Structure formats: C-alpha cells, structure tokens
Amino acid sequence: MNTDNIVIILAPLQGFTDVTFRNVWARHFFGIDEAMAPFISTMGQQRLKPTRLKDVAPENNRQLPVIPQILGNVSADFIFLARHLYEMGHRRINWNLGCPHSKIAKKHRGSGLLPYPAKIDELLGQIIPNISASLSVKIRLGRRSKDEIYSLLAMFERHSLEGIILHPRTGIQMYEGTSDHDAFEKAIQSSRHTFTYNGDIIDLASFKKVRDRFPNINQFMIGRGILSNPFLAEEIKQTQKNSTPRIERLKGFHDDLLAEYDKIFSGPAHLASRMKGFWNYMGPSFQESEKPLKQILKATSLPAYSDRVEAFFDQNLEFLPKP
Ligand SMILES: Cc1cc2nc3c(=O)[nH]c(=O)nc-3n(C[C@H](O)[C@H](O)[C@H](O)COP(=O)(O)O)c2cc1C
C-alpha cells in the first residue's frame, strides 16, 4: 500500500490530546502529520480564555503543527476569536459542528447546529469574509438523522471551505454503532469539497478498509485509535524507525507524560485521574491486562498509582491492540 501522499491528523479529544500529550507523543512516536486541538469555546462579550489559547500557541506546538478548533454559534464572537488566533500565527481554523454531548447540542452548538443548515449558512456568510484564516468544518452526518447531511452539503457548496472532516455517525448516536461508510461515500459524491475521513480507524485493517473504499481520500483523522495504540500512525505510514522493544517505548512515553503533567497539574489526585484516562484506552491493548489494569484504575493516590504502573510494566504483557 502506497502511503506517500497520506496525511494523518490527530483528532481533537478534549481531556486527552492537549499540547502536553501532543508534544510528548511526538517525542516518542512517528507518523502523525498534524493535530487538531480540542475545541476552544467562544465567549460572550468578546473575552478570551488565556489557558485555552496557550494550548494552541505556535511556540508551544513546534513538534506537531496544530489547527485550532472553535466551538460557538455567534458570528461576532467567532470572528473575534478567529482573528486573535490569526494574530497568533494560525492560518487554518476549524469549526466544531460535531460535538454530540447534549449539554452542548442543546445550546445549538456542535452537532446541535446540524439540523439548522440555514443558521450555519448565515454564520458562514458572516464569518468567512471577515477572517483571514481558511476555515474547515468538522461535522457528523446530522444530529438525529443521517439524512440531515444532504441539505448541509448543499449549503456548504455555497461557501469556500478549506475542507470538511466527516465523522459518519449522527450526534445522538454518540459513539454507538459503527461509522457508516455507505453514508460517507454518498456524502463525498454530493460535494465539491475536499473531505477528511474520521471514525473508528483503530488498526491497520480498519485503515486499509477506508483507504481501499475511498481511494480519492488522502486525509485521515484518528483519535481513540491513537490513544489505544500510540504506534498506529507509524504502522500505517510504515515509518518504523525505532528498534527499541515496544513495551520499553510505551513505558518511556508513559513516564514522560506523567512527568510533564506533574509540572502543570496542581494536585496529585488530578494528575492520577488524568493519567488513568489514558489507561482506559491503552490498558486493554495489553494481553491479559484486566486485573493489573483494574488495580491502576482503582489507585486513589499518586504513590499507589505509580507503584501499580510499575507492577503493570514489570509483567511484560504483550502489547496487542484488540481489533
Ligand atoms: C473524549 C473525547 C473528546 C473529544 N473531544 C473533541 C473535541 O474537542 N472536538 C471535536 O471536534 N471532537 C472531539 N471528539 C471527537 C473526536 O475528535 C473524533 O471525531 C471521534 O472520536 C471519532 O474519531 P475516532 O473514532 O478516531 O476516535 C472527542 C471524542 C472523545 C472520545
């Protein structure tokens, strides 16, 4: 499989793929070309949240180029934030129109906007002429029904977008069921825009399946698959440049991540809880890891967490991500 022209983009995963994760990942693994940052919400009265902006500051993101993502539905606030990001050096910005969480969707943000193509049309008409960065949208097939996509695509035809990242599920589906490849195919046939495929690429086989099905797509966004198998982008790109045993590399990655989060998190409980989030994804990829993983996830103090992680790695379990 020729992967020369393939672009792999790390998906935004709020609570996981922040700048710390992105930089540490890039010190230990290869194959991801760029990352989309977890969303930054627009704020009323044109205020900015400095901590969220720090996440995408180009000087903090030298390892992996980052595309900031905005969540919002008020054009003036969107433009204000997008202009600020442009001044920071960002030439590409993404609009989150896919977030499925009901708290967000109820406020007509994220996937909550998808049933209202006229509203999105109006917002794009106001935003695009007033920002200097190019804008892409990250969408799902719809909020409630897969068929919402068609009026959305017809509306997107009228706008000059950098591209459309499509995760072929509905919002209310959350992460249930599987990504709908038939719906993705119909969508790309109904649009002149450049598409990025996103959804359920978890191993080489699932990557090959989408690659073979959509030969004209060369941008692939991967989220949870990278958390459960940090080697996945290397495996896809076949750029294995490191002969160190995988278990050692994973331990090195884990220890580096823990040390970096230790510098920024105030309390040990917060730190352990952040790290346990990663174990939820990576842990099951080790063979027969159920028991020692449970021990890690039950740890309530940092010393207990560290002891149990040490014990976990000492077992030398085979790293074999589940399909
Ligand atoms: C914990 C979590 C946090 C997420 N945060 C964001 C986000 O900030 N912005 C966004 O557009 N999508 C977000 N997503 C969706 C992912 O970017 C992606 O579209 C989805 O996980 C499907 O891709 P995957 O199957 O490769 O993980 C999140 C998903 C998860 C599971």
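Start by colouring domain 1 and domain 2: their centres, taken over C-alpha atoms, are separated by 28 Å. Domain 1 covers 7–237 and domain 2 covers 246–314, with bounds from an automatic or database domain assignment. This is a predicted model, in which local features need pLDDT of at least 70, side-chain atom pairs count only at pLDDT 80 or more, and totals for chains, interfaces and linings use all residues. Residues are numbered from 1 along each chain as its sequence is written.

**Stop 1: between the domains.** Here 13 residues of domain 1 are in contact with 14 residues of domain 2 (contact: C-beta atoms, placed from the backbone, within 7 Å). On the domain 1 side, select α1 (19–28) and α9 (224–228), the elements that give two or more residues. Helices here are DSSP runs of H or I, at least four residues, numbered from the N terminus. The largest share of that side, 5 residues, comes from α1. By class, that side has 6 nonpolar, 5 polar and 2 charged residues; Ala, Val, Leu, Ile, Met, Phe, Trp, Tyr, Cys and Pro count as nonpolar, Asp, Glu, Lys and Arg as charged, and the others, Gly among them, as polar.

**Stop 2: the core.** Next, show Leu10, Ile70 and Ile222, which touch the most other members of the largest nonpolar core, a set of 71 residues. Such a core joins buried Ala, Val, Leu, Ile, Met, Phe, Trp, Tyr and Cys residues through C-beta atoms within 7 Å. Buried means 20 or more other C-beta atoms within 10 Å of a residue's own, exposed 12 or fewer, and partly exposed in between, with C-beta atoms placed from the backbone. Helix α3 (residues 75–88) gives the most to this core, 6 residues. Both domain 1 and domain 2 supply at least three residues each. Zoom in on leucine 10: beyond four places in sequence, its contacts include Ile32, Met36, Ile222 and Ile226.

**Stop 3: the ligand.** Select the 22 residues that surround the ligand; the closest are Ala11, Gln14, Pro38, Gly223 and Arg224. Near means a C-beta atom, placed from the backbone, within 6 Å. This shell holds 9 nonpolar, 10 polar and 3 charged residues.

**Stop 4: two backbone angles.** Histidine 108, in the loop between α4 (102–105) and α5 (117–127), has a positive phi near 60°. It counts as partly exposed because it has 15 C-beta neighbours inside 10 Å. Finish at glutamate 288, in the loop between α12 (268–282) and α13 (290–298), where phi is positive at about 50°. Most residues other than glycine have a negative phi.

Key
Contact = placed C-beta atoms within 7 Å.
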